[in-house]
Amino acid sequence: MSYLKAAALTTLMFSFSAIAITTIKGTMNVYKPEFVIENKSGTLISNVRNFKLEARQTVIDDYCTVTTDNNLALQGGTLSAGYCLFEWNNTAGYSIDGFKVEGVASNSGPNSIGYSIYYYSGSAKAKKLVDTKNFIFNFEAPVKPTVQRYSVKLGNSWKSVGDHTNYNPTNKFSAVRVNVDARDFSQKVSIPSLGSCTVVSGATSCDISFSGIKLGDAISNKVGSLSYQVSVDSSNSYWGVSNTKHALTVPWTYQPTKIGLFEVNSMPASYTTTKTINVNSKSIQVSNNTAKLVLNKPSSEIVGDWWAPSELNVKFSRNSQPTISSGITYSGNVLYTKDGSLVTANKTITSTKRESVNGAYVYTFDMTQIEDGYYGASVAFTNSSGIPSNQNFNGLRINKTAPKIEIFKSGVKQNNSSNFAYNQELVISTFNSFTDDVDLVSIQVNSSNVAFNKPKIGVATIPDTVIFKNGLNTIKVTVKDTLGHLYSRTITLNKVQDEIEFKINNLGGRLVSHVKESSFEAVQTKFSGFCNIVTNEAVAIGTNKNVSGKCYFEWVGMDELDRDNFSLKGRLRMSGVVPVGYKVFAYFGAEKEKTLIKSGTTSFNVEAPIAPELTKYSIYVGNKWIDNNSDVNHDPNAQVKAISITTKPVNYSQQVIVDNLGSCLINAGSTSCTINITPYFLGNKNYIGYEDGIVSHQFKVNSINKYFTDKEINSQPL
């Protein structure tokens, strides 16, 4: 640390109550103010980067205050007092702000920048140099910007140049991102007509954003590009546009969505088949009564699913051939009529599900919405970007319903276990709603193939040479449609002899007229292969000209009883041997002539009812029974607790009613019943002296339905 030797003698004086003065003589050192110049801007680069230097005082003099304000310094000073002036050296062309200097160096390598310190002496203000010092700062030569890559913003996505073709016409070109090598100076990116941005020191990119630019048109301008010149220079344009320009091209191409495979799987429930399709190397199952349509992106470079609608419509149009059949008629009987459910020739259905499969989209359709038939289909849509796509498909078969396979007897469809008597009654037929679209190929009876006649497509008869056994016979019929699908049905028919017989059973036990409920049931014990027995005459008559396959059962006798199908119920009015029977009728021909084909009669012994007769009555008083008032109660604490009535045996249930006390039943076969009553005292149990009296109750005994009038037991009060 340097210093100046003071020229003046310093005298120190101390006062001690004015007693004496002491003088001390010596030499005082005064140090020069000193500064260091510090780099406040990081890496120093010439020509392109602004530097900032700052002078920081390291030696501070107690008597010379250093200032950069010349006016303040002109107030004067010496080495030991006042102000000194700070001035920068070698800073021409730079911006100076007190102890700070900044600017752009024009030369790389060593650059000398320093300072000088002065003071103004005496009244003449002579400028005296106190000290001067220079510092060397090395400035690097600037390195020209280097572009690494460009990216463009299309819609909401950034695309690197080289993979930035726009496939979505709704995407607008709205920004450019330039990636450069990092530099220790700011780099300016400029694109005429789009704008500019700055890559700050140390960063590697910046974005230029602008109002979205529409690229071409999905219909009128499907392929094209836009070209731009990009300049990347220092922020002060050191190198110039001609040395930093680059070309940028933004291309577009708009292609329709690729419509791929359309697979329909529609078979009847009992004939389902498994179908699969291959979607970009993945196997996808097509379930029964569904269809799957595959859409692929227009180009493999496309990102996103804008090209695939969220749902898809397919329009089905029924082919004119084969026509819808009007039905099948044979031997004057209508076996099948036109399928009334086939009313919609054209229908559009919407996909029920969309799933992504290896870059494709697979749409699922519910084929239960489409009527059976042969169809062509078309799909047409415009994706969310306005690009239309369409495709037609042919030869589609919707086949949800298996062909009907039936056996008819006299024009009536037969069910399993239906009865028949003769081969000639049977007609076998098949129908699938379309003209000549299905025919019989084989008939088996009890597992053996049999010959059959085929008078027309869809109809077969069995000659009388085919032998059926009595009882159940299994008939398997196989048919084939024009697409080669085989269908079969097995029906079991019962070949029977024409025997009908009923047994009439008494369900009510002992039969007693007038007073007891009776119940009878007719149970069929022999059955006919010709008809089933019903109790509804209208059902037995039927609605067409053929025999209905039903016969009518009718009760005969015991008319006072209620009829309920094969049951009789009620109270008989006659005693003795009482007959009851039945008749069975069939209805033949178009006139439905009522013809008796079977009858039967059964007789039952019916007893006359026995009139009720009282044998005794009993009252339970205290702890004992008193029969027929044979005793008198002498215990005032005894209570009446129950009453019992006894009659002679009868052949039905009797009802006993005691006024104000209740009732009970004497069941058939029994002779008495008891009524438990709320206990009560006879007389006043607290009476002092002699007291007597009587409590009376009246009772009746009759059948439950009160059949007896003059023979009813109607007692005097007991």
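1. A residue is called buried when its relative accessible area is under 20% and exposed when that value is over 50%, with partly exposed in between. Glycine 508 has a relative accessible area of 25% and is therefore partly exposed. Its place is in the loop between strand S41 (498–506) and S42, and, leaving aside neighbours within four places in sequence, glycine 508 is in contact with Lys516 and Ser519. Between glycine 508 and alanine 126 there are 155 Å in space, C-alpha to C-alpha, and 382 residues in sequence.

2. The model is a predicted one, and its confidence deserves a word before the details are read. The mean pLDDT of the chain is 89, with 92% of the residues at 70 or more. Residues 1–24, however, have a pLDDT below 50, and this stretch has 31 contacts in the model beyond near neighbours in sequence. Where pLDDT is low, the predicted coordinates should not be read in detail.

3. How many disulfides does a search of the whole structure find? The search gives three. One of them is formed by cysteine 197 and cysteine 206, whose sulfur atoms are 2.0 Å apart; the link of these two residues is right-handed, with 55° about the S-S bond, and both cysteine 197 and cysteine 206 are buried.

4. Another disulfide is formed by cysteine 531 and cysteine 551, with 2.0 Å between their sulfur atoms, and here the link is left-handed, with -110° about the S-S bond. This pair links distant parts of the chain, 20 residues apart: cysteine 531 is in the loop between strand S42 (517–528) and strand S43 (532–534), while cysteine 551 is in strand S44 (residues 550–556). Cysteine 531 counts as buried because its relative accessible area is 4%, and cysteine 551 is buried because its relative accessibility is 0%.

5. A disulfide also joins cysteine 664 to cysteine 673, at an S to S distance of 1.9 Å. The torsion about the S-S bond of cysteine 664 and cysteine 673 is about 50°, so this disulfide is right-handed. Cysteine 664 has a relative accessible area of 11% and is therefore buried; cysteine 673, with a relative accessible area of 7%, is therefore buried as well.

6. Apart from neighbours within four places in sequence, serine 644 is in contact with Lys616, Tyr617, Ser618, Trp625, Ser672, Cys673 and Thr674. Is serine 644 buried or exposed? Its relative accessible area is 11%, so serine 644 is buried.

7. The second largest pocket has a volume of about 320 Å³ and a lining of 18 residues, of which Val412, Gln414, Ser548, Gly549 and Lys550 lie nearest its centre. The elements that give two or more residues to this lining are strand S32 (412–413) and strand S33 (418–420). By class, the lining of the pocket has eleven polar, four nonpolar and three charged residues.

8. Glutamine 321 and proline 322 are joined by a cis peptide bond, with omega at about -5°, and proline 322 lies in the loop between strand S23 (313–318) and strand S24 (327–330).

9. Positive phi values also call for a look. Lysine 125, a residue other than glycine, has a positive phi near 55° and lies in the loop between strand S9 (109–121) and strand S10 (126–139); lysine 125 counts as partly exposed because its relative accessibility is 32%. Serine 193, which is not a glycine either, has a positive phi of about 80°, and its place is in the loop between strand S14 (187–191) and strand S15 (195–199). With a relative accessibility of 71%, serine 193 therefore counts as exposed.

Technical notes: Residues are numbered from 1 along each chain as its sequence is written. This is a predicted model: local features need pLDDT of at least 70, side-chain atom pairs count only at pLDDT 80 or more; totals for chains, interfaces and linings use all residues. Side-chain values use heavy atoms; hydrogens and water are left out. A disulfide is a pair of cysteine sulfur atoms within 2.5 Å. Buried means under 20% relative accessible area, exposed over 50%, partly exposed in between (1.4 Å probe, protein chains only). Helices (H or I, at least four residues) and strands (E, at least two) are DSSP runs, numbered from the N terminus. On a 1 Å grid over the protein atoms alone, a cavity is a set of points where a 1.4 Å probe fits but cannot get out, and a pocket is an open set with protein on both sides within 12 Å along at least five of seven lines; lining residues have an atom within 4 Å of a point. Grid points are joined across faces, edges and corners, and a volume is the space filled by probe spheres set on the points. Ala, Val, Leu, Ile, Met, Phe, Trp, Tyr, Cys and Pro count as nonpolar, Asp, Glu, Lys and Arg as charged, and the others, Gly among them, as polar. pLDDT is the predictor's confidence in each residue, from 0 to 100. Contact means heavy atoms within 4.5 Å.
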